Amino acid sequence: MPELLLELFSEEIPARMQVKAGEDLVRLAGEALADLSPRDLRWHVGPRRLALTATVEAGVPARSGNERGPRIGAPEQALAGFLRKYGADRSALREEGDYWVLDTSSPGREAAALIAEVIPALLWKFPWPKSMRWGGSSLFTWVRPLRRILCQLDGAVVPFSLAQGDDDGHGLRSGDETEGHRFLSPGAVKVRGIAEWQAALAGRHVVLDIEERRRRVAEGIARVAAAHGLTVVDDPGLVDEVAGLVEWPVPLLGRIDDQYMSLPAEVMQVSMRVNQRYFALRDAEGKAAPYFAFIANIEATDQGRAIMAGNERVLRARFADARHFWDQDRKEPLASRLAVLERVTYHAKLGSQAALVARLRRLAREIAPLVGADARDADGAALLAKADLTTGMVGEFPELQGVMGRYYALHDGESPWIADAIRDHYAPKGPSDPVPDAPVSIAVALADKIDRLAMFFSIGEAPTGSGDPFALRRAALGIIRIIRENGLRLPLGRLFAFASDEAPVADLLAFMAERLRVQLRAEGARHDVLAAVFAVHADDTAEGAGDIVRLLARADAVAALLVSEDGANLLAAYKRAANILRIEDRKDGPHQGTPDESLLEVPEERALAEALQEAEPAVMAALDAEDDATAMASLARLRGPLDAFFDQVTVNAEEPALRRNRLRLLSRLRDTMNRVADFSRIEG
């Protein structure tokens with residue numbers, strides 16, 4: 001099959017847009033070239049190029065066929081729409097039975113002609129998040145000025161231009177030239193085919209594959225750090241970004257002036273990362289090292305000495321700014337900043353940051369005894385939790401909110417556990433972040449997230465679809481992780497209601513249940529069992545409503561029952577009973593109530609009634625005592641009598657009284673099992 005090569009060479013593409021652009025190019029080209037059955041579609045992306053390689057059919061064969069249109073006598077609008085769809089006129093129609101039929105045919109086309117037709121349209125409509133026009137009067141836009149288009153089929157140029165009508169498309173036409181590294185191998189070079197293109201770039205200081213650039217970045221900085229006995233602070237996001245900024249990664253090491261080593265390690269790391277894309281290093285003891293690693297995009301003749309000196313000079317200026325914020329912020333205690341929070345809006349419908357702090361204090365005091373924290377310490381930490389938002393350092397680096405609050409609290413003489421809670425109350429920010437484990441930190445972190453959910457749900461801002469502007473899903477997952485990883489027994493329903501009188505508690509608990517199911521599904525757990533347990537217990541109105549640890553323990557017990565022979569057979573019998581009841585209830589139900597013992601004629605139905613009479617109170621007592629094993633064992637003992645019942649008893653007896661009584665017996669079985677979980681939700 002012929003090989004297709006398309007390279008779009010431009011000025012520097014923002015790193016954050018590159019991968020998505022590659023994915024979009026493959027998707028759109030696959031759709032546009034569907035008639036050529038493209039295979040092995042691969043995208044390649046870097047700072048100055050977006051490319052596609054694939055194999056395609058040599059052409060599209062001629063085709064003929066027919067299309068059935070509207071019925072004869074259909075409205076004229078329907079017929080006109082049909083003709084418009086196929087670009088035909090009425091004379092091309094013929095009658096076949098009750099319908100109009102259009103005979104169609106299309107001539108064969110060579111692949112190059114089809115590619116030349118569809119690629120310009122694709123490029124005009126390419127979905128960059130942001131794009132620009134440049135020079136002249138063309139309306140064609142690209143993420144940055146587009147300089148060259150390389151398009152070949154088996155090494156031969158596929159000729160096309162970006163001109164549309166009177167628009168010259170910046171005069172861009174496809175050709176056979178690419179460019180290497182801007183400084184190390186400047187100028188255009190002709191290539192013929194994919195293999196020659198790849199070899200030409202490799203020989204001109206361009207690492208084409210983004211994964212290879214990532215590897216070189218990560219291994220390069222680790223190597224120069226190790227040469228000084230240092231390690232690199234793990235930062236995969238920065239590795240990804242830097243790999244999108246350079247074509248020829250060259251690792252270098254710079255030194256930090258001793259005068260700045262007294263800055264907090266987090267301040268140095270964030271300042272280096274945000275402003276300069278530098279990597280922070282640690283010494284053998286895990287402390288901040290007086291060095292930084294970075295990636296240059298050029299091999300210098302002086303081994304990079306001038307580049308390193310320039311970067312050290314830039315970093316000194318950055319750290320001087322950070323030192324200014326650090327010194328100025330500590331002149332005022334955190335507590336003195338609380339009044340400013342009155343003037344900082346949290347949300348238009350929810351008031352100021354000061355109002356948020358008042359809610360957090362109240363909620364943290366309520367949570368504290370439930371997690372083993374001192375209520376006064378929880379109140380003190382909640383009071384100061386948002387104070388660092390008004391500091392110069394956090395204003396410059398919002399990523400440091402909470403972190404700086406801890407440093408400033410310690411400087412003010414606050415206890416370590418209060419200072420740690422100020423830092424940790426935002427945690428976890430992501431799935432890989434550790435959760436708070438100190439009692440005061442747990443109390444304030446939970447208060448922050450419970451308040452966020454309760455208040456935003458109260459004003460009708462629950463997430464919809466993929467939209468979640470207030471990070472409520474992240475808050476819910478944070479609550480779940482804190483509870484699970486610390487083994488906490490919390491009545492979330494009561495806490496949501498305590499956080500806001502307007503909170504829709506049932507909706508919030510359902511939202512939490514869905515987030516938990518997502519998490520368990522990712523872990524490979526049986527989310528259907530969890531759904532069955534939550535359907536019965538998550539919206540309880542009792543004190544323990546929303547106790548995630550309790551519900552998970554019950555779900556584990558149900559899952560253990562189902563893997564046993566008794567449990568599997570019991571589930572099958574339950575589903576059979578539920579199906580019978582669903583059908584019969586539609587006829588003349590519901591069939592509820594206590595079965596009449598005098599109508600229990602067959603020994604097997606009497607045995608089932610006796611087993612239910614014994615099991616129901618035993619299950620309820622075990623559930624109340626949180627003895628899930630005993631509750632499951634009581635259910636398992638129903639398996640034998642239930643199997644015998646279905647073997648020997650005709651449920652839909654001819655006598656109406658017997659039928660109703662037996663349906664009531666099955667209804668009692670269903671209700672007894674549903675006290676544990678809604679078994680109808682369980683797969684299998």
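Here are some friendly notes on a predicted model, for a first look at the structure.

1. Some ground rules come first. Residues are numbered from 1 along each chain as its sequence is written, and side-chain values use heavy atoms, with hydrogens and water left out. In this predicted model, local features need pLDDT of at least 70 and side-chain atom pairs count only at pLDDT 80 or more, while totals for chains, interfaces and linings use all residues.

2. Strands here are DSSP E runs of at least two residues, helices are H or I runs of at least four, and both are numbered from the N terminus; two strands pair if DSSP finds at least two bridges between them.

3. Strand 6 and strand 7 (residues 99-106) run antiparallel and are joined by 4 bridges. Glu-95 stands opposite Trp-100 in strand 7.

4. Angles run from 0 to 180 degrees between N-to-C directions, with axes fitted to C-alpha atoms, for helices over the stretch in contact; contact means heavy atoms within 4.5 Å.

5. Do look at Arg-282, in strand 16 (residues 279-282). Arg-282 is buried but has no salt bridge, and the nearest side chain of opposite charge, Glu-266, is 6.6 Å away. Buried means under 20% relative accessible area, exposed over 50%, and partly exposed in between (1.4 Å probe, protein chains only). Lys and Arg count as positive and Asp and Glu as negative, with His and the chain ends not counted. Leaving aside residues up to four places away in sequence, the residues that Arg-282 touches include Leu-230, Gln-269 and Lys-287.

6. The structure holds 60 salt bridges, each a side-chain nitrogen of Lys or Arg within 4 Å of a carboxyl oxygen of Asp or Glu. One of them links Arg-109 with Glu-117, the closest N and O atoms being 2.8 Å apart; Arg-109 is partly exposed at 32% relative accessible area, and Glu-117 is partly exposed at 48%.

7. Finally, the unreviewed UniProt entry annotates residues 571-674 as "domain: DALR anticodon binding". The span is 75% helix and 0% strand, and its end C-alpha atoms lie 11 Å apart. UniProt positions follow the numbering used here, feature names are shortened, and annotations may be inferred rather than shown by experiment.
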